[in-house]
Amino acid sequence: MQTSEQGRAFLEGHEGVALRAYRCPAGKWTIGAGLTAASGVVVPKAGMVITRTEANRLLALALMRNYEPAVGAAMPGAKQHEFDAGVSFHFNTGAIGRATWVKRWRVKAPVSEIRAALGEWRKGGGKVLPGLVLRRAEEFEMLAYGRYAGIDRVATVPVRADGLARFAVPVSEAEIAEIRKGFASLGFDPGTNAHGVLATTAREFQRRYGLTVDGIIGRATLSALQRALDARVKVQAGVVGAGGSAGGVTAARELPEAAPAGLADALSAAPWIEPIILGLGAIWLAWLAWTYRDALAARLDRRFPRIAAKLRSI
């Protein structure tokens with residue numbers, strides 16, 4: 001059995017579809033409905049652009065090779081809508097072979113038990129994520145009743161008349177608040193409306209981070225935002241760790257009040273330790289700069305556009 005057109009549309013509604021390659025939060029080049037080189041059907045790279053038709057073809061191919069066989073084995077005799085629900089779950093979690101809800105589905109357990117077991121898969125990084133809560137609820141509706149919720153999210157992103165950017169993936173009010181906070185911390189004004197982010201701000205962010213400039217906040221924009229925030233936190237931690245404060249290298253000569261007894265004396269007795277510490281700190285910062293070169297490119301974009309373009313291309 002293969003995933004139906006409705007099933008693929010449902011999956012795309014949650015994954016989003018990016019026609020220009022972008023780096024996921026882990027730094028891997030990604031395109032289409034979250035496809036990386038690990039999918040075996042495409043090798044995304046800087047500057048790659050595909051059509052919507054190609055994105056559909058790649059997703060169908062990735063599902064056929066990597067997901068549908070496992071779902072078919074785990075859910076023998078599944079109807080089309082049940083199979084589609086299993087594919088969406090497996091694409092998101094990779095756990096179709098060990099999920100309790102699948103075992104309950106196979107023995108025809110009460111739908112309340114299947115719903116509860118499916119709903120347990122709602123955490124990411126140890127936290128309950130509103131997006132996963134919604135996805136599991138919609139997957140259950142598909143599984144139990146054949147209802148495909150939100151299948152037009154990608155195709156018909158609504159136009160807003162309030163000047164706010166449109167969201168191409170489902171987000172909760174709490175997530176919007178975090179997104180606004182993230183933009184603001186990076187120096188991008190999200191506006192005064194707590195229900196979203198200014199479209200002009202989204203477009204400027206997309207321009208500086210080498211994304212498709214459309215004022216629509218989808219998976220690519222959110223991934224770039226997360227990477228920029230991660231880079232900022234790690235750079236600050238690296239500077240403080242290497243130098244004792246974010247104020248500069250000169251702060252490396254100062255020890256915090258809570259330094260272990262005898263550490264200052266040890267440094268005085270072995271002055272060669274300090275340059276080693278500074279050198280390790282410099283290597284750490286250089287590694288961060290390379291790892292988050294897309295975020296660095298955005299910082300350099302205005303003053304050094306050619307350097308920024310080069311960093312984005314590698």
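Two strands pair if DSSP finds at least two bridges between them. In this predicted model, 3 bridges join strand β1 (residues 18–23) to strand β2 (residues 29–32), and the two strands run antiparallel. The protein chain holds 14 helices and 6 strands, and buried residues make up 41% of its 314 residues.

**Confidence and overall make-up**

- The mean pLDDT of the protein chain is 83, and 73% of the residues reach 70 or more.
- Among the elements of the protein chain, helix α5 (residues 100–106) has the highest mean pLDDT, at 98, while helix α11 (residues 263–269) has the lowest, at 57.
- Over residues 239–259 the pLDDT is below 50, although this stretch has 21 contacts in the model beyond near neighbours in sequence.
- Of the contacts in the protein chain with a separation of 6 or more, 55% are accounted for by residues 24 or more positions apart.

**The β1–β2 hairpin**

- Strands β1 and β2 form a hairpin with 5 residues between them, and Gly27, which sits in the turn, has a positive phi of about 95 degrees.
- The bridge partner of Arg23 is Trp29 in β2, and Ala18 has Gly32 of β2 as its bridge partner.

- Leaving aside neighbours within four places in sequence, Pro25 is in contact with Ser223, Gln226 and Arg227.
- Pro25 and Asp230 are 205 residues apart in sequence, while their C-alpha atoms are 8.6 Å apart in space.
- Thr36 is placed in the loop between β2 and α2, and it is buried because its relative accessible area is 18%, where buried means under 20%.
- Not counting residues up to four places away in sequence, Thr36 touches Lys28, Trp29, Thr30, Val42 and Pro44.

- In helix α1, 8 of the 11 residues are buried, so the helix is largely enclosed by the rest of the structure.
- The buried residues in α1 are Gly7, Ala9, Phe10, Leu11, Glu12, Gly13, His14 and Glu15.
- Just after α1, Gly16 takes a positive phi of about 80 degrees.
- Two packed helices are described by the angle between their axes and the distance between the axes.
- The axes of helix α1 (residues 5–15) and helix α2 (residues 52–66) come within 11 Å and cross at roughly 105 degrees, which makes α1 roughly perpendicular to α2, since angles of 65 to 115 degrees count as roughly perpendicular.
- On the side of α1 the contact is made by Arg8, Leu11 and Glu12, and on the side of α2 by Arg52, Asn56, Leu59, Ala60 and Leu63.

Terms used:
Residues numbered from 1 in each chain as written. Predicted model: local features only at pLDDT ≥ 70, side-chain atom pairs only at ≥ 80, totals over all residues. Heavy atoms only, no water. Helix = DSSP H or I, 4+ residues; strand = E, 2+ residues; numbered from the N terminus. Axes fitted to C-alpha atoms, helices over the stretch in contact; angles between N-to-C directions. Parallel < 35°, antiparallel > 145°, perpendicular 65-115°, else oblique. Contact = heavy atoms within 4.5 Å. pLDDT = per-residue confidence, 0-100. Buried < 20%, exposed > 50% of the residue type's maximum accessible area, 1.4 Å probe, protein only.
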